[in-house]
Amino acid sequence: MNLILLGAPGAGKGTVSAQLISLLGLTHVSTGDLFRQSIAEGTPLGIEAKHYIEAGCLVPDTLTANMLQEHLRSLSSSSGYIFDGFPRTIPQAEALDRILAEFNMDIDLVLLVEVDYELICERISQRRVCPLCGASYHLTLNAPARPGLCDHCAGELQRRADDSRETVMARLKTFEENTKPLIQFYEARGLLRRIDNSGPPEALREILRKVLST
Ligand code: AMP
């Protein structure tokens, strides 16, 4: 099974991914994580992607699709993937169809993770991430056991470089302009389901169970 997560920045695609992994055992693929890893390693791709990311813009489609294709070739999972943050444009969605065809795969389901923008801004301001293992925390709702330190690897928690208020506004605008058209694109194919992620994690789990069983 292959599943796409669509949603504005801060809507909780990472949280939904974590729950889906435990429910379905799919392999998680996040283009944002792949870019952050390339930036941390100082690769040519990371150097090129960095200024787009820090400005709250999208990395160009071809660069992003090529990175995803290479990554899938290195994984070659047979059970399927959760695509978290890809596609973000119509050309990327078309590229994904071509990339999956190489593996005789298709998209089975697209989940639109919905949260209103006020809550998104609050969640992002409270978000802290571990630069070592990528774990994500919310300072009040999902705080680490020891303040400032990752529960999994004791890495020092940080704010994401693109989580400043100004960059978040740019990212929301980018979502409106480039990614929202994907809602209709997948609705027309009969693949889209909506997930309300404004409640607590327990409520989300129930919502996911229901959507997956229909
Ligand atoms: P995320 O962690 O998914 O919020 O992604 C962080 C940033 O990486 C985004 O704001 C974009 O600048 C870049 N990025 C991630 N995925 C894509 C994509 N599919 N296309 C273009 N840029 C992306």
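This is a predicted model: local features need pLDDT of at least 70, side-chain atom pairs count only at pLDDT 80 or more; totals for chains, interfaces and linings use all residues.
1. **Sheet order.** Five strands form an open sheet, ordered β2-β3-β1-β4-β7, and their pairing is parallel. The edge positions go to β2 (27-30) and β7 (192-196); each has a single partner strand, so one side of each lacks a neighbour in the sheet. On average, neighbouring strands are turned by 25° against each other, direction ignored.

2. **The β1-β4 pair.** Residues 3-7 make up β1, and residues 109-114 make up β4. Five bridges join these two strands in the parallel sense.

3. **Helix α1.** Residues 13-24 form this helix. Helix α1 lies across β1, β2, β3 (81-84) and β4. Against β1, helix α1 runs at about 160°.

4. **T179.** This residue belongs to helix α7 (residues 165-179). Its relative accessibility is 5%, and buried means under 20%, so T179 counts as buried. Leaving aside residues up to four places away in sequence, T179 touches L6, R88 and T174.

5. **Ligand shell.** The ligand is surrounded by 16 residues, and the closest are T31, R36, C57, R88 and Q92. Helix α2 (residues 31-41) supplies the largest share of the shell, four residues.

6. The side chain of T31 places an N or O atom 2.8 Å from a ligand nitrogen. For R36, a polar side-chain atom lies 2.9 Å from a ligand oxygen. In R160, a side-chain N or O atom is 3.1 Å from an oxygen atom of the ligand. On its own, the ligand has 480 Å² of accessible area, and the protein covers 96% of that.

Key:
Residues are numbered from 1 along each chain as its sequence is written. Side-chain values use heavy atoms; hydrogens and water are left out. Two strands pair if DSSP finds at least two bridges between them. Axes are lines fitted to C-alpha atoms, for helices over the stretch in contact, and angles run from 0 to 180 degrees between N-to-C directions. Contact means heavy atoms within 4.5 Å. Buried means under 20% relative accessible area, exposed over 50%, partly exposed in between (1.4 Å probe, protein chains only). A residue is near a molecule or strand if one of its heavy atoms lies within 4 Å of it. A polar contact is a pair of N or O atoms within 3.5 Å; within protein, one must be able to donate a hydrogen and the other to accept it, and residues adjacent in sequence count only if both atoms are side-chain atoms. Accessible areas come from the Shrake-Rupley method with a 1.4 Å probe; for residues, only the protein chains shown count as cover.
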